[in-house]
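User: I would like to learn how to read a protein model step by step. Could you take me through it, giving the general idea before each case?

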Amino acid sequence: MPIVHLPYDAGFYVFSSEQSHEKWEGFEAKRPNLTQDGQGIPLFHFKRRPCIFGSSRKPDYLIYKYIVQKCEEPPPCDKSELIADDSFYCLYKVLFCEVYTRYEDYSVVYKLKFPFYFKGVEYYDFVNCSEQVGYCGSVEGFDLSWKLCDKKLDEYELWSDFENVSHLVNGAFTNSKGKLERTKDSPPSATALYSRRKCNPNDRDANLIFLEQSQPISPGITAVPASTEVLACHGMLVHLRRRQIREDEVRRRMAVASNSSGQLATTMMMCQFSMGTC
């Protein structure tokens with residue numbers, strides 16, 4: 001799942017596959033070519049919510065999802081935004097996930113909420129602790145752990161009880177009377193990989209790779225499993241934190257370079273003044 005940043009601090013896109021990313025040519029700048037499987041269209045758009053005074057209870061980040069469906073079908077939800085349509089298909093943009101930020105001692109906790117989809121997933125968070133390497137979190141009591149694999153390549157591997165998480169997301173734990181008992185816990189297994197290996201800023205900023213049990217029937221946005229969509233939100237927060245850290249490091253280096261240049265200029269001026277008074 002290639003991650004592509006947008007200009008003017010407009011967030012980033014997440015594509016469903018390499019093939020879909022290759023067909024994308026800035027579809028918002030022109031009329032997109034709609035197909036049944038939604039190739040060439042981003043799956044998600046992650047962006048910061050505009051800061052508004054007095055709105056502390058509002059989410060800090062928003063994750064939108066693009067949906068392609070036949071024109072005769074009703075919109076996906078009440079607040080669907082129609083992006084484009086043709087004689088056969090409509091492209092909608094819907095709010096998929098809201099992200100709320102909370103600071104606790106040495107940690108930053110991101111709480112994820114699904115306003116329209118997966119409403120049964122009520123407890124889902126992502127934790128960035130300054131005293132640990134990697135990231136963690138949980139979804140309905142199941143641990144999610146991003147372990148550092150390669151510092152140079154900025155690679156993190158997600159370990160989870162994927163079988164139970166999949167059942168949870170697909171609604172196997174809920175019925176009309178409430179939640180069903182969870183099945184026997186399975187040992188954590190490698191579920192996904194976040195990596196900046198072979199990434200070019202002009203092409204993409206990072207990759208999010210899911211180790212799915214079965215291959216999707218199509219590389220487009222309509223064939224992405226529900227569990228992958230939910231866990232991808234966790235991966236997007238890994239990318240958010242890693243990019244923030246890289247940007248902070250660039251600013252720090254620029255500040256150090258600026259201070260060094262200023263000190264050098266001051267030293268040269270003092271030297272010239274000293275020589276001139278001799």
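Analyst: Let us begin with strand pairing, for which the general idea is that two strands count as paired if DSSP finds at least two bridges between them. In this model, which is predicted, strand β1 (residues 2-5) and strand β15 (residues 206-210) are joined by 2 bridges and run antiparallel. Within that pairing, the bridge partner of I3 in β15 is A206.

User: How many bridges does β2 form with β3, and in which sense do they pair?

Analyst: Strand β2 (residues 12-14) pairs with strand β3 (residues 44-48) over 3 bridges, in the antiparallel sense, and V14 stands opposite F44 of β3. Moving on from there, β3 is joined by 5 bridges to strand β4 (residues 61-70), again running antiparallel, with F46 opposite I63 in β4. As a general idea to keep in mind, in a regular strand the side chains alternate between the two faces of the sheet.

User: Why is helix α2 described as largely enclosed by the rest of the structure?

Analyst: The reasoning needs a cut-off, since a residue is called buried when its relative accessible area is under 20%. Helix α2 (residues 162-169) has 8 residues, of which 6 are buried, and therefore the helix is largely enclosed by the rest of the structure. The buried residues are F162, N164, V165, S166, L168 and V169.

User: Is S20 buried or exposed, and which residues does S20 touch?

Analyst: S20, which lies in helix α1 (residues 18-23), counts as buried because its relative accessibility is 0%. Leaving aside residues up to four places away in sequence, S20 touches F15, G38, Q39, G40, I41 and P219.

User: What would a residue between those two classes look like, and where is D85 found?

Analyst: D85 is found in strand β5 (residues 81-85), and because its relative accessibility is 34%, D85 counts as partly exposed. From C-alpha to C-alpha, D85 and V68 are 9.3 Å apart in space, while in sequence they are 17 residues apart.

User: How many disulfides does the structure hold?

Analyst: The structure holds 0 disulfides.

User: What is the mean pLDDT of the protein chain, and where does pLDDT stay under 50?

Analyst: The general idea is that where pLDDT is low, the predicted coordinates should not be read in detail. The mean for the protein chain is 78, and 78% of its residues reach 70 or more. Over residues 172-180, however, pLDDT stays under 50, and for these residues the model has 16 contacts beyond four places in sequence.

Conventions: Residues numbered from 1 in each chain as written. Predicted model: local features only at pLDDT ≥ 70, side-chain atom pairs only at ≥ 80, totals over all residues. Heavy atoms only, no water. Buried < 20%, exposed > 50% of the residue type's maximum accessible area, 1.4 Å probe, protein only. Helix = DSSP H or I, 4+ residues; strand = E, 2+ residues; numbered from the N terminus. pLDDT = per-residue confidence, 0-100. Contact = heavy atoms within 4.5 Å. Disulfide = S-S within 2.5 Å.
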